[in-house]
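Dear colleague,

Please find the structure below, together with its sequence. My notes on it follow.

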Amino acid sequence: MKKITLILSVLMLVSSCSSDSSSESDTPVTPSSILVKKIIELDKDGKEMSTTDFVYNGNIIVSEVIAKKDLSVVGNIGFLYNYKTEYTYTGNLITSIKVKNIIANQDKLVLKTDFLYDSNEDLISSTREQYFDTFKGILRVVYAKINTNTVNCKMYSSDSRDNIETLVWEGKFSFDVNKNLIKSESLDASFLFGSFEYDTKSNPKKGVLGLNKIMFQEIPPLYNVSALRYYLHRFNNVLKSNISGSFPRYNQYTYNANGYPSEMKE
């Protein structure tokens, strides 16, 4: 059986209205002013595996850069990859996300997702293009809101070499009162299923404008031409996730005075 290694993620939380000299022992700030500025991922021995740095304009996310270390390099200074994710807004809504490779190929666009919304600002479709040397793979998802806590979706796949679009998945999403995704189930097959349990504390990204509208988002470079990953950073923090095809995962958190996680163990 595969051994699951404990991953330690340190979430450095700062207030967008506080100075650099402030600390977690200061008077707690309002939840809407807290944004995650840096994530440091460590292995079970405390060695730094990756860092993610975030840039904001108020509560609008501008970009995030993830750099993964190559621990086999002497001095722990080598990098396996370095990706930058850029966000574009229209009003209060995220309408485009671009992922660029900024180490092997400077600012090479490898992935782009465009989002469309209705007049109620509900997501109605997302189109992801993954770029290869001579073609691009496309995943288009169409969403239909059934009620306050339920959304149906259909996922279509195509290839720029023949432009033939094929329905690959039809499913249903269920949300709790805080809009956390608690279940994803397939309507046409059983190969894709997910269930999620949460704590009652604040997620570090809940104050970021527009992120709670997104259903899927890739974490570079772990994207796949024929699959999408759930976006779970909405209101609360995931305690347990159970996704078909993988082992259940459990998370333990240490919280700061404002009720946000400062440390997570997986």
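A salt bridge is here a side-chain nitrogen of Lys or Arg within 4 Å of a carboxyl oxygen of Asp or Glu. By that definition the structure holds 13 of them. Please note that this is a predicted model, in which local features need pLDDT of at least 70 and side-chain atom pairs count only at pLDDT 80 or more, while totals for chains, interfaces and linings use all residues. Residues are numbered from 1 along each chain as its sequence is written, and side-chain values use heavy atoms, with hydrogens and water left out.

The protein chain has 17 strands and zero helices; both are DSSP runs numbered from the N terminus, helices being H or I of at least four residues and strands E of at least two. Of its 266 residues, 43% count as buried. Buried means under 20% relative accessible area, exposed over 50%, and partly exposed in between (1.4 Å probe, protein chains only).

Several salt bridges deserve a description. Lys112 pairs with Asp114, their closest N and O atoms being 2.6 Å apart. Lys112 counts as buried because its relative accessibility is 17%, whereas Asp114, at 29%, counts as partly exposed. Salt bridges that share partners also join Lys84, Glu86 and Lys100 into one network. Within it, Glu86 and Lys84 have their closest N and O atoms 3.6 Å apart. Asp45 and Lys44 form another salt bridge, at 3.8 Å from N to O, and both of these residues are exposed.

Lys108 is found in strand S7, which covers residues 108-117. With a relative accessible area of 37%, Lys108 is partly exposed. Contact means heavy atoms within 4.5 Å; leaving out residues up to four places away in sequence, Lys108 touches Val99, Lys100, Asn101 and Asp133.

Asn237 lies in the loop between strand S13 (193-198) and strand S14 (238-243). Asn237 counts as buried because its relative accessibility is 2%. The Asn237 side chain reaches the backbone oxygen of Ser202 at 3.2 Å.

Finally, the nonpolar cores, each a set of buried Ala, Val, Leu, Ile, Met, Phe, Trp, Tyr and Cys residues joined through side-chain atoms within 4.5 Å. The largest has 37 residues, of which Ile94, Tyr143, Phe173, Leu181 and Phe216 touch the most other members. A second, separate core of six residues includes Tyr83, Val99, Val110 and Leu111.

Yours sincerely

How values were computed. Polar contact = N/O pair within 3.5 Å; in protein donor to acceptor, adjacent residues only side chain to side chain.
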